[in-house]
Amino acid sequence: MAKQGKAGYVEAQLYAMLEAIRKRIARDAGWRVVARGREWLCPYCGEIGFSNYEEAKAPRTILQHLLNDCPHWSEEAGTRFSHKLLVAKARRLETEEMLRTQRAWRTADKVGRWYCPYCGQATNVPWLADSKDPTPPQEFVHAHLDRCPARRAGCKPLPFEALQLIIEDSDRYREIIVAVRCKMAQEANWRQMTREGKWLCPRCREAVPEVDMSSEAERRVMSPVRIARHLMERCKPRAAGVPEAPALEAAPPPAAPPEPEGEVLTLESTPAFQALATTEETAPQASPAPAPSGPADEAERAREALRQALPAQPPLLDGYDLYCLHRAARDFGGTFYDYFYVSPENLAIVICNLPTRGPDAVRTIGAFRKSLRHHAQYHQSPAEVLRRTNKDLVAHHDTRSFITALYGVLDAHAGFFTYARAGHSMPILFNRQDKPPVRELSSCGLALGIQEGAGFDQAIEDVAIRFRSGDVLVLYAGGVTEAENVSGEPYGIARLGAAVERPYIEATSQALAAGVHEDVRLFLGHAPQKDDITLLCLRKP
């Protein structure tokens, strides 16, 4: 009788619990969340309670999960997950399945930007279709989808074929923008304008009203973007069958030699470097009054080639303040820096150091810059760009002449700076609100040009930082921290950090760089400057 009474009590308890679950399912939407159409999510543990959800059998199956599997359920405990949180998790699970099974969810352009199937736009999610990762980074994808306006509006995902057409158009547009920037920098006829300041197209010879050339900021930042759209959509010669991207990379006028394939405004294309190369590879032609040729003349041409290769001024960035201070030493060629656009939104920044000086250093810099700019157009990862650049340098140059470099890409819209460091000085991040306000950003990486293969490829890594208001990123060459006073004492990283932290009258990158340079100059005293002093400051106001 006692056993029968106990069994009856248990059955009554189970029946009461089943009835309670039926009531909860009926009145609480949090008990009816199903992911991927078949997997019930438990409001206590937030995990998949069981698969193959059937409404009629759900109460009994839910009870089995609560009694046997759920670690957080008890009769006295309340649910830990709200309906909103469970729906969000269900969407994440559905998204992850789409990423694994649907081609439309695995599309990216040439620079490695994932395209959202809902809005059809390039996102800040880094991924290449041919990368080792089978799917884009899921956390980045979820972050985009949480704010995607098309998904919020209930739009259906686009098919794979439609996304491919969008990406092909975007890749073509980006390539034309990069080519236009080069043309505007190299050829005067791409900078012509009317009296009203409107750009004059060298192909159709028509004024383009939306391209304003009267403003320096517009000319350097927005004009190439608008010119590319004109060439793609309205330029009559292009519509008549002129090739698109190749047409913009046609050979320059006869006065200048044609650029090699993949080269973008390289050091070796400058007239001074061409003259230097000519003196080495060919004997001088006989003439009535031959120009003097010797080590001093060769060094002067190399110095001029390096001067022409250095950027005249930094680009204007919406929401950022970029400035570079460069003071060359007597023995030139030890330091090089550059910045260039790899897409309409992303600016590449590079700084490098060489142990050698003079014409040999200039030739190495020319090869480094040419290779890096070429690979930067096809690879989003800074580490991958440096891996391929290193392979080029090892294959074609003396491995006794190595390069330390830091190469990074600023996504001004998203606020991320992603960089890789190949044996170069560690960058400094300064924000007066932080404790401590100055810190070094450490990362791994070997110098370029010494060895290729797994040793270099595995050592180098991508590091991403997100800019906050007040952040200042300081990149510098060895000539700053290794500067020695008359006693042979080096300036050092500690003094550099203290100089960066000092308050300056103007809170700008230029004022900060000038203040650090003045501090180094006072430290040197009467000692000579043995190496280039180069400081590159990127600030987010």
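In the open sheet of 5 strands, what is the order of the strands, and is the pairing parallel or antiparallel?

Tutor: The order in this open sheet is S9-S10-S11-S12-S15, and the pairing is antiparallel. Strand S9 (335-341) and strand S15 (463-466) stand at the edges with a single partner strand each, so one side of each has no neighbour in the sheet. On average, neighbouring strands of the sheet are turned by 15° against each other, direction ignored.

Some conventions belong here. The model is predicted: local features need pLDDT of at least 70, side-chain atom pairs count only at pLDDT 80 or more, and totals for chains, interfaces and linings use all residues. Residues are numbered from 1 along each chain as its sequence is written, and side-chain values use heavy atoms, with hydrogens and water left out. Helices (H or I, at least four residues) and strands (E, at least two) are DSSP runs numbered from the N terminus, and two strands pair if DSSP finds at least two bridges between them. Axes are lines fitted to C-alpha atoms, for helices over the stretch in contact, and angles run from 0 to 180 degrees between N-to-C directions.

Within the sheet, strand S10 (residues 346-353) is joined to strand S11 (residues 404-411) by 8 bridges, and the two run antiparallel. Asn353 has Thr404 in S11 as its bridge partner. Ile465 belongs, with Val463, to the covered face of S15, while Ala464 and Arg466 form the uncovered one.

Helix H12 (residues 359-376) lies across S9, S10 and S11 and runs at about 25° to S9; contact here means heavy atoms within 4.5 Å. The axes of H12 and helix H13 (residues 382-396) come within 9 Å and cross at roughly 140°. H12 and H13 are therefore oblique to each other (angles under 35 degrees count as roughly parallel, over 145 as roughly antiparallel, 65 to 115 as roughly perpendicular and the rest as oblique). Their crossing is right-handed, a term used if the near helix is turned clockwise from the far one by less than a right angle, whereas anticlockwise gives left-handed. From H12, the contact takes in Ala367, Phe368, Ser371, Leu372, His375 and Ala376, and from H13 Val385, Leu386, Arg388, Thr389, Asp392 and Leu393. By class, this contact of H12 with H13 has 7 nonpolar, 3 polar and 2 charged residues; Ala, Val, Leu, Ile, Met, Phe, Trp, Tyr, Cys and Pro count as nonpolar, Asp, Glu, Lys and Arg as charged, and the others, Gly among them, as polar.

Helix H16 (residues 492-501) and helix H17 (residues 509-524) pack at an angle of about 135°, with their axes 9 Å apart. That angle makes H16 oblique to H17, and H16 passes H17 in a right-handed crossing. Arg495, Leu496, Ala499 and Val500 of H16 meet Leu512, Val516, Asp519 and Phe523 of H17. By class, the contact of H16 with H17 has 6 nonpolar, no polar and 2 charged residues.

Definitions and conventions: Buried means under 20% relative accessible area, exposed over 50%, partly exposed in between (1.4 Å probe, protein chains only).
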